Amino acid sequence: MDSRDKAKQHFDDWSNHYEQSYTWRHFFSPVHDILQAHVLGVQGMHILDVGCGTGDMLRRFSGERAARLVGVDESEGMLAKAREFTAADDNITYVAGTAESLPFGDAEFDIATSCIAFHHFPDPDVAVSEMFRVLKPGGRLFICDLTQQGLMGRGMLLYGKLKADEHYFTEKTMKALLEEAGFREVASEHVFRFPPSMLIFGFRER
Ligand SMILES: C[S@@+](CC[C@H](N)C(=O)[O-])C[C@H]1O[C@@H](n2cnc3c(N)ncnc32)[C@H](O)[C@@H]1O
């Protein structure tokens with residue numbers, strides 16, 4: 001089994017108890033609150049969540065009356081749970097695919113989000129370019145992820161390496177990556193939680 005298959009297997013296995021886990025309750029769900037508070041004006045929007053897991057962010061945006069909600073993830077286990085949790089929500093769809101090859105046309109979405117997933121993506125440059133491609137001109141990107149910033153962040157990075165996480169960034173290196181892909185007005189915010197995390201926002205120019 002290569003490292004990608006192992007990563008998929010890990011999330012397939014975790015999917016069954018993901019939303020009951022300690023990590024979910026004490027870290028992921030509160031981070032979703034923070035991300036939701038930053039993604040304003042979702043009503044009527046077409047939103048893509050990359051590495052959507054069990055779909056919590058999309059369920060939240062659905063409650064705020066987004067028009068079309070799409071989650072993409074490479075773990076079939078995560079997608080199966082996401083579908084189970086949103087069976088009654090017919091404006092949400094889940095699609096199997098990778099961040100590096102998003103199965104969507106150019107300029108389909110107003111907003112792209114990715115929460116606590118980016119450090120797993122094997123090819124961050126390609127993933128960011130893909131998110132840029134599927135956003136409409138003027139579209140907005142929100143990435144919320146762990147950071148290697150600061151003493152705690154560097155500690156997390158060591159732990160992440162043991163778990164074979166792919167890439168941790170700092171606000172500075174993540175901003176540079178987004179700008180390189182063409183995003184403008186890139187801004188960031190440190191999320192004061194453990195593990196150390198950051199929020200990055202960018203616009204695709206009109
Ligand atoms: C820690 S979970 C986060 C899930 C969700 N975003 C959340 O906040 O609850 C990371 C997710 O990223 C997905 N993932 C990892 N690498 C991926 C890739 N290259 N393309 C698509 N999804 C990926 C995993 O399958 C997993 O569901």
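A residue is near a molecule or strand when its C-beta atom, placed from the backbone, lies within 6 Å of that molecule or strand.

## The ligand shell

With that in mind, let's look around the ligand. The model is a predicted one, in which local features need pLDDT of at least 70 and side-chain atom pairs count only at pLDDT 80 or more, while totals for chains, interfaces and linings use all residues. Residue numbers start from 1 along each chain as its sequence is written.

The ligand has 18 residues around it, and G51, G53, S75, A117 and H120 come nearest. Sorted by class, this shell holds 9 nonpolar, 5 polar and 4 charged residues. Here Ala, Val, Leu, Ile, Met, Phe, Trp, Tyr, Cys and Pro count as nonpolar, Asp, Glu, Lys and Arg as charged, and the others, Gly among them, as polar.

## The chain as a whole

The chain contains 7 helices and 7 strands. Both are DSSP runs numbered from the N terminus: helices are H or I with at least four residues, strands are E with at least two. Starting at the N terminus, the order is α-α-β-α-β-α-β-β-α-β-α-α-β-β.

The radius of gyration is 16 Å, close to the 17 Å that the globule rule gives for 206 residues, so the chain is as compact as a globular protein of that length. (The radius is taken over C-alpha atoms, and the rule is 2.2 Å times the number of residues to the power 0.38.) Along the principal axes, the C-alpha atoms fill a box of roughly 40 × 40 × 30 Å.

## Helix 2 with helix 3

Helix 2 (residues 22-38) and helix 3 (residues 56-63) have axes that come within 10 Å and cross at roughly 40°. Axes are lines fitted to C-alpha atoms, for helices over the stretch in contact, with angles from 0 to 180 degrees between N-to-C directions. The two helices are therefore oblique to each other; angles under 35 degrees count as roughly parallel, over 145 as roughly antiparallel, 65 to 115 as roughly perpendicular and the rest as oblique.

Helix 2 brings H32, L35 and Q36 to the contact, and helix 3 brings D56, M57 and R60. Contact here means C-beta atoms, placed from the backbone, within 7 Å. By class, there are 2 nonpolar, 2 polar and 2 charged residues.

## Helix 5 with helix 7

Helix 5 (residues 124-134) packs against helix 7 (residues 171-181) at about 50°, with the axes 9 Å apart. That makes helix 5 oblique to helix 7.

On the helix 5 side, P124, D125, V128, S129 and F132 make the contact, meeting L177, L178 and A181 of helix 7. This contact has 6 nonpolar, 1 polar and 1 charged residues.

Note on methods:
Contact = placed C-beta atoms within 7 Å.
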